[in-house]
Amino acid sequence: MQCAVATAVRRTRHLTSCLNFPSRISFLSVHQQHRLEPRRFVHEYIPRRSDAQKATIYALSTPPGKAGIAVVRVSGPDALQVWENVVQRSSHSNVEPWRMERCRIVHPVTKNMLDDGLAVYFKAPKSFTTEDVLELHIHSGRAVIASVLDALSHLPYCRPAEPGEFTKRAFLGGRLDLAQVEGLKDLIDAETESQRRLALEAAGGATSARFEELRTGIIRCLAKIEALIDFSEGENLEEGVYDDARNNATKLLTTIRSYLSDNRRGEIMRSGVRLTIFGPPNAGKSSLLNFLARREAAIVTPVPGTTRDILELSLDIGGIPVIISDTAGLRATDDLVEQIGVERARKAIQAADIALCVVSCEDLGASSELPSSVRELVTKDTFMVFNKMDLLKKDSFSVEHPYRWMTSLKTGQGTTEFLAGFAESLRSKYDLDQDGSSSEAPLITHARHRIHLESAAGFIEAFLETTADEVVFGAEELRYAAQAVGKVSGRIDIEDILDSIFRDFCIGK
Ligand SMILES: Nc1nc2c(ncn2[C@@H]2O[C@H](COP(=O)(O)OP(=O)(O)OP(=O)(O)O)[C@@H](O)[C@H]2O)c(=O)[nH]1
Ligand SMILES: [K+]
Ligand SMILES: [Mg+2]
């Protein structure tokens with residue numbers, strides 16, 4: 001008896017580790033709380049886990065509302081059974097996979113006809129999720145969609161899909177890696193042409209392939225170092241293996257560093273330049289936002305302190321997505337609400353990729369010096385707009401700055417030049433072409449990629465700090481570096497590649 005319990009506990013422990021339970025201690029406390037026999041405890045958990053994995057899920061895959069067609073997608077082991085229950089065809093032949101068929105969609109219990117549509121069955125693994133998939137193409141109307149989804153809810157082995165669950169299954173099934181999943185999401189969200197191309201590249205696996213090349217490079221170095229651990233140079237290994245590994249690691253580090261010092265180009269192409277408009281009150285900041293948006297998005301009045309909260313708009317400036325924030329005019333004030341607005345403005349300037357300062361020509365000092373409220377915030381990278389040039393009395397104007405324009409948002413003077421110069425400056429700053437794309441596709445498009453690459457660079461540096469006597473430590477650093485790069489695509493297993501490289505590695509004479 002005791003022996004049986006011990007076996008059960010051991011098995012349970014093994015299972016809890018498979019199920020990612022925190023620890024043996026927490027398992028025991030759960031076990032004690034519930035006063036369950038170990039064996040029963042096991043039974044309680046296994047079915048739920050496998051159930052979650054094997055559930056057949058369904059969801060509307062097109063936007064809800066009136067349109068020509070809507071697609072309801074079903075994925076999981078019972079997709080074919082769903083077909084048998086809700087799809088009625090004129091022919092009684094077997095279902096032919098990947099072939100669209102005209103059919104009636106019926107309620108599984110009442111067999112009432114719900115819609116006249118099309119159905120297609122994708123046989124696993126040749127489907128988006130790698131599972132059996134059924135797509136029902138129905139008429140897109142609220143009542144039709146509701147009746148079909150309700151009908152599916154009557155099938156006991158089906159449940160509604162959670163957000164992103166089809167894609168998650170595609171990832172778990174190995175159809176997409178993480179970088180491709182991100183690319184797919186970006187493709188759906190793409191609003192500009194350059195975003196579409198960038199996302200398509202990631203979704204298609206080209207981005208992953210570039211990361212994979214880096215990872216394989218690191219593993220090649222690792223293979224050499226591991227060979228040195230097992231054998232030694234001169235004896236069983238050709239000469240210069242250690243130096244080779246070091247040289248290659250140095251080259252890889254240079255490559256990674258060059259990817260990292262990209263001025264955030266990829267992230268900017270993907271998610272847009274964060275641009276904050278700031279300046280003294282009444283300079284014409286909100287007027288500038290409205291000019292760029294071509295509509296009265298922000299309130300403009302002659303009252304200083306009109307804008308208080310931050311107003312954010314996403315615009316396409318010459319093919320570049322720009323997220324523009326209009327902020328409260330910077331000044332000391334007793335008004336509590338305005339004080340908060342000024343505080344938020346300062347934070348937005350810090351968070352911006354580009355800060356654009358609007359100053360009224362009226363507010364310039366005798367020798368064209370900037371108003372004190374903005375003086376310490378302006379750097380050589382700040383974009384400067386000297387507005388209200390219609391009110392400029394003096395004919396001479398002498399503010400030197402790399403990015404500077406003069407406008408009158410009232411008369412329109414200088415605005416065409418500003419718009420052209422503004423777009424051009426954005427392009428040159430981020431090395432982008434006319435349409436906002438770039439000749440060489442950037443590698444890093446998400447902050448996540450940057451974090452993993454930075455950590456890989458750190459590990460390679462640590463490897464380069466080790467000596468020929470410390471190959472064991474060096475190998476460990478390279479292993480971490482490879483894993484860090486692998487995290488981008490979600491591929492962190494290196495043993496498989498290591499084996500294959502080892503196999504063609506030249507060992508012995
Ligand atoms: N003469 C002249 N007036 C302008 C010009 N641009 C804007 N204005 C006027 O200046 C006033 C202030 O403009 P806003 O756009 O509200 O200025 P703001 O910087 O957003 O002001 P706050 O939000 O209060 O900080 C409004 O009455 C505008 O019509 C210009 O080029 N010339
Ligand atoms: K104002
Ligand atoms: Mg304003």
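What you see is a predicted model. The chain holds 18 helices and 13 strands. It runs to 509 residues, and 35% of those count as buried. If we take the contacts between residues at least 6 apart in sequence, 63% of them join residues at least 24 apart.

Now the helices. Please find helix α7, residues 178–189, and helix α9, residues 206–230. Their axes come within 8 Å and cross at roughly 150°. Angles over 145 degrees count as roughly antiparallel, so α7 is roughly antiparallel to α9. The crossing of α7 past α9 is right-handed. Which residues make the contact? On α7 they are A179, Q180 and G183, and on α9 they are T207, S208 and F211. Sorted by class, that contact has 2 nonpolar residues, 4 polar ones and no charged ones.

Helix α9 has another partner, helix α10, residues 241–260. Here the axes come within 9 Å and the angle is roughly 160°, so α9 is roughly antiparallel to α10 as well. This crossing is left-handed. From α9, the residues involved include L214, I218, C221, I225 and L228. From α10, they include V241, A245, A249, L252 and I256. Charged residues take part too, among them R220 and K224 of α9 and D244 of α10. By class, the contact of α9 with α10 has 12 nonpolar, 2 polar and 3 charged residues.

Next, the ligand. There are 22 residues around ligand 1, and the nearest of them are S286, S287, T307, G329 and K410. Which helix gives the most to this shell? That is helix α12, residues 285–293, with 3 residues. By class, the shell has 7 nonpolar, 11 polar and 4 charged residues.

Last, one residue in a loop. L392 sits between strands β12, at 383–387, and β13, at 404–406. Is L392 buried, exposed or partly exposed? L392 has 16 C-beta neighbours inside 10 Å, so it counts as partly exposed; a buried residue would need 20 or more.

Terms used
Residues are numbered from 1 along each chain as its sequence is written. Chains are lettered from A and ligands numbered from 1 in the order in which they are written. This is a predicted model: local features need pLDDT of at least 70, side-chain atom pairs count only at pLDDT 80 or more; totals for chains, interfaces and linings use all residues. A residue is near a molecule or strand if its C-beta atom, placed from the backbone, lies within 6 Å of it. Helices (H or I, at least four residues) and strands (E, at least two) are DSSP runs, numbered from the N terminus. A residue is buried if 20 or more other C-beta atoms lie within 10 Å of its own, exposed if 12 or fewer, and partly exposed in between; C-beta atoms are placed from the backbone. Axes are lines fitted to C-alpha atoms, for helices over the stretch in contact, and angles run from 0 to 180 degrees between N-to-C directions. Angles under 35 degrees count as roughly parallel, over 145 as roughly antiparallel, 65 to 115 as roughly perpendicular and the rest as oblique. A crossing is left-handed if the near helix is turned anticlockwise from the far one by less than a right angle, and right-handed if clockwise. Two residues are in contact if their C-beta atoms, placed from the backbone, lie within 7 Å.
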